[in-house]
Amino acid sequence: MIKIIKRDQPSRAIFFFTPVLAIFLTLVAGGLIFFILGFKPFEALKFFFIVPIADKYGFSELLLKATPLCLIAIGLSFCFKSNNWNIGAEGQLTFGAIVSGGVALLFYEQEGFYILPIVILAGAIGGMLYASIPAILKTYFNTNEILVSLMLVYVSKLILDYLVVGPWSNPEGFNFPETRQFSDSAKLPLLFEGLRIHAGIFLALAAVVISWFVFYKTYLGFQMKVSGFSLKTARYAGYKGKKMIILVFLISGACAGLAGVGEITGPIGQLHREISPDYGFTAIIVAFLGRLHPVGIIFASLVVAITYLGAETAQIFMQIPKYTGQVFQGMILFFLLASDYLLFFKIKFIGSKK
Amino acid sequence: MNTNLKISNVTKIYPGCVANDNVSLEFNSGKIYALLGENGAGKSTLVKILSGVIIPDEGEIYLNKNNLKLNSPLDAKKNDIGMVFQHFNLFETLSVFENLIIDSDEQRESLREKIDTIMKKYNFSIDLDIPVLNLSAGQKQKVEIIRCLIRSPKVLIMDEPTSVLTEQETSELFLSLKKFSEEGILIIYITHKLKEVMQLCDEVAVMRRGKLVSVSEIKNENIESLANKMVGQNLKTIKKKKAKTSSDQLIKITNLNFTSEDPFETNLMDINFSVNRGECLGIAGISGNGQSELFQVLSGEIISEKNSIEFNNNYIGDLSPQERREFLMAFSPEDRLEQAAIPQMKIFENVALNNFKSSNFFNNGLINENKIKEHSKKIISDFNVNTNNIELKSQFLSGGNLQKLIIGRELITSPDLLICFNPTWGLDVGAINYIHETLIKINEQNKSIILISTDTDELLKLSDKISVIHKGKLSKIMNAEEVTSEKLGILMGGAN
Ligand SMILES: Nc1ncnc2c1ncn2[C@@H]1O[C@H](COP(=O)(O)OP(=O)(O)OP(=O)(O)O)[C@@H](O)[C@H]1O
Ligand SMILES: [Mg+2]
């Protein structure tokens, strides 16, 4: 017989175990779906999760996809930890890319070591500017940051569209919706010959280390923790609530902006219409799957990155639409929320009693 | 119909603490039972076991000789055991009726009828269709009670039900409880107010450190003997020596107003008072008359005009709580679970919430964990918080011990002015005595207190001057010697 019993206190081990369980359940459910679709479940899962990363190239692709996810999720965890619901990282990524791309285009005929830092900085600033809109509206006009940040995503995508089709489109580009190629000095260096993985990964790793330090060692991290639990207590303690809201939005905007920089100055080297396959939204799942913990987020970003790659291989080898990747992302989130039940309850198997 | 409830050899052990140690107790309907004990004695644990919230490590529960297996609150409900928790479990934005039917699977219509009959029978008058947030504390509690009565319980357990009630509401509650008891419902009643026990109960069980130490009939007891049994020693009666009236003014409030945008808050109108060094100003009133707003204005959670608050010759009306602490003010709010502390955080983290520059909890933006822990240990030992584990999440402290931690956190910094709101809410008699002594000591050290309290006895014991707050207005300030509890009662009701 199975009995469900309330836990006396949520256990810490379970806290980090449930994400693993969620991934496992996703695999099971995914296999089931493949089975229903008429594929051999194990083979399909192999195409989805193993084949894509089986070689050097695949592994580099994995890191390439995980980099923006990790970077954005780290930024988002600043917001989520302190009770600020920034849903618009995709917009901040896009706007960061626009600003840094604009700057890179200014230098399109020039070379020089100073160009790349300026381009990177411009991306961070762009993301911050864009994130400051929901933050300021929230602090001074009491608007809901979820709505504002989300809607701004679509605004930023339309701005990008307009720019790459109109004023910024490549004069020699036969009206393709894309800009000129950036000069080599404005590109993040590739790490290995023939692979697409680029120096952006170091930005992500730096973000991981810095965020760990801020979360667990600084007064700011402590204040974020308190505000995350209770805004009333934060007010009683006398924390500057408005300042903090703006600060965490800026940090998270900067991270998303940097992810945007990585996307356009990495292997692609130009602005075009679709710079991000919804990294900004998927990173929300990554942040929660990683339990808003920097190390957890590293693992989570790798796992979720596989779903992007798997979707592509599955499309090629099994002729199923690449949107299955999103199905898998959705399932991970769903099972994560469901298995959080185990944080508060335990399941006991009781032998039948006489 | 007779109900017999038997607790047999119940033990519940937490890491580092035996909350219930082999407790056996028997109850019979027709009587009202009091369960007494110091903070952390294990009362709540015991009744939570009875209501299925906590599962004991050992021991059995029998209801009318049937062995009950209570694995969840639902099991308790099914077995006709109802419990009203100390903290309300109601959905504020739902209507009273929706709150009542939420855990029932009966038809809406038949339930409404049932509820109407219950309300008629016990003279409850509550509008079923207004949202719960419009109710007073007493009415909310009635809703909780009705929710139990719908299931016609055999046992009704109440954990410190009167801490949020006015005197009027308390006596109404007692009338209903007596009626329930006459009708055969077995009532178990937890409280720290010994007066209430003498008024209401027939039998009293006392717990100490998880053990049951005595069961006796009320007619053989008096307040002193009960207090003695609870704490295991005689309580000294403390009395404040009349302070030498200083005329050295510490804080002055002038023409302070607060208008809230929230219709459920009270506006403060034209508040004026001053407190001298070494003085305790008591502010009496029925809860919900603007005390919480006044507290927040004084603490800086609500900012007011710069000139409306003068502290030690500085105008501080526009400063935040953090900035006010630098002027040596300390604040102990009423709501310990939602405001003064964060239950999910560890004890030492909660200590760091009150951050004076001089305590060096944070240097250059970095956490100085050693300093915080050192400080926490001192609070725990100085204020008798019954744990030695500062890494414990504070939700696992009993209510009274959490309060001691909070008061201790504020007092250990030896502030010039302490502003406290119901500082002994939910404390046992020993702890109350201890806090009262500490408050008196503060005054003797020429430091001042603003004591906002709904407990008139406490105010009369500790205050030098008293004012009454009613609908956001303060009465004139009276010398404590001229005031009696009757007079306070009249002013609290709104008369002039
Ligand atoms: N989950 C837990 N982990 C560790 N200790 C716990 C836990 N829950 C309760 N305790 C401890 O068990 C003891 C009994 O707590 P209980 O809440 O029953 O006390 P109480 O008699 O109701 O006190 P009060 O009058 O202050 O409400 C306390 O010392 C408390 O710290
Ligand atoms: Mg209790």
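Predicted model: local features only at pLDDT ≥ 70, side-chain atom pairs only at ≥ 80, totals over all residues.
Select the interface of chain A and chain B: across it, 12 residue pairs are in polar contact, both residues of each pair being at pLDDT 80 or more.

**Stop 1: the chain A side of the interface**

Keep chain A in view and colour its contributing elements. Strand E1 (2-6), helix H7 (200-217), helix H8 (219-229) and H9 of chain A each supply at least two residues of the side that touches chain B. H8(A) gives the largest share of that side, six residues. By class, the side of chain A that touches chain B holds 11 nonpolar, five polar and seven charged residues.

Now show both partners. In contact are 23 residues of chain A and 32 residues of chain B. Chain A and chain B bury about 2500 Å² between them, and 58% of this area is on carbon and sulfur atoms. Pick out Tyr219(A), Phe222(A) and Tyr236(A): in chain A these lose the most area to chain B, together 30% of what that side buries.

**Stop 2: Thr233(A)**

Next select Thr233(A), which is found in helix H9 (residues 231-237) of chain A. Is Thr233(A) buried or exposed? Its relative accessibility is 0%, so Thr233(A) counts as buried; the cut-off for buried is under 20%. A polar atom of the Thr233(A) side chain lies 3.1 Å from the backbone oxygen of Glu338(B). Show the surroundings as well: not counting residues up to four places away in sequence, Thr233(A) touches Val226(A) in its own chain, and Glu338(B), Gln339(B), Ala341(B), Ile342(B) and Leu353(B) in chain B.

**Stop 3: salt bridges between the chains**

The count between chain A and chain B is two salt bridges. To see one of them, select Glu349(B) and Lys225(A), whose closest N and O atoms are 2.7 Å apart. Glu349(B) lies in helix H12 (residues 347-351) of chain B and Lys225(A) in helix H8 of chain A, so the pair joins two chains. How do the two ends compare in accessibility? Glu349(B) counts as buried because its relative accessibility is 12%, whereas Lys225(A) is partly exposed, with a relative accessible area of 35%.

**Stop 4: Ser301(A)**

Return to chain A and select Ser301(A), in helix H12 (residues 294-318) of that chain. Ser301(A) counts as buried because its relative accessibility is 2%. Leaving aside neighbours within four places in sequence, display Ala66(A), Leu69(A), Cys70(A) and Val286(A), with which Ser301(A) is in contact.

**Stop 5: the two domains of chain B**

Move to chain B and colour it by its domain assignment, which gives domain 1 (4-231) and domain 2 (249-492). The C-alpha centres of these two domains of chain B lie 31 Å apart. The contact takes 19 residues from domain 1 and 19 residues from domain 2. Together the two domains of chain B bury about 1300 Å² between them, with 57% of it on carbon and sulfur atoms. On the domain 1 side, select Asn39(B), His87(B) and His192(B), which lose the most area to domain 2, together 35% of what that side buries.

Which charged pair can be picked out by its 3.0 Å N to O distance? The side chains of Asp457(B) and Lys195(B) meet in a salt bridge at that distance. Across the interface of the two domains of chain B the rule finds one salt bridge and three residue pairs in polar contact, both at pLDDT 80 or more. Helix H7 (194-200) and helix H8 (223-231) of chain B each supply at least two residues of the side of domain 1 that touches domain 2. H8(B) provides the largest share of that side, three residues.

**Stop 6**

Select Lys31(B) and Glu203(B), whose side chains meet in a salt bridge (2.8 Å, N to O). Lys31(B) lies in the loop between strand E2 (17-28) and strand E3 (32-37) of chain B and Glu203(B) in strand E9 (residues 203-208), so the pair ties together parts 172 residues apart in sequence. Lys31(B) counts as partly exposed at 30% relative accessibility, and Glu203(B) as buried at 13%.

Go on to Asp80(B) and Lys154(B), a salt bridge with its closest N and O atoms 3.2 Å apart. Finish on Lys346(B), Glu369(B), Lys373(B) and Glu391(B), which are linked in a network of salt bridges.

Key:
Residues numbered from 1 in each chain as written. Chains lettered and ligands numbered in written order. Heavy atoms only, no water. Helix = DSSP H or I, 4+ residues; strand = E, 2+ residues; numbered from the N terminus. Buried < 20%, exposed > 50% of the residue type's maximum accessible area, 1.4 Å probe, protein only. Polar contact = N/O pair within 3.5 Å; in protein donor to acceptor, adjacent residues only side chain to side chain. Contact = heavy atoms within 4.5 Å. Domains from an automatic or database assignment. Buried area = accessible area lost by both parts, 1.4 Å probe. Salt bridge = Lys/Arg side-chain N within 4 Å of Asp/Glu carboxyl O. Nonpolar A, V, L, I, M, F, W, Y, C, P; charged D, E, K, R; others polar.
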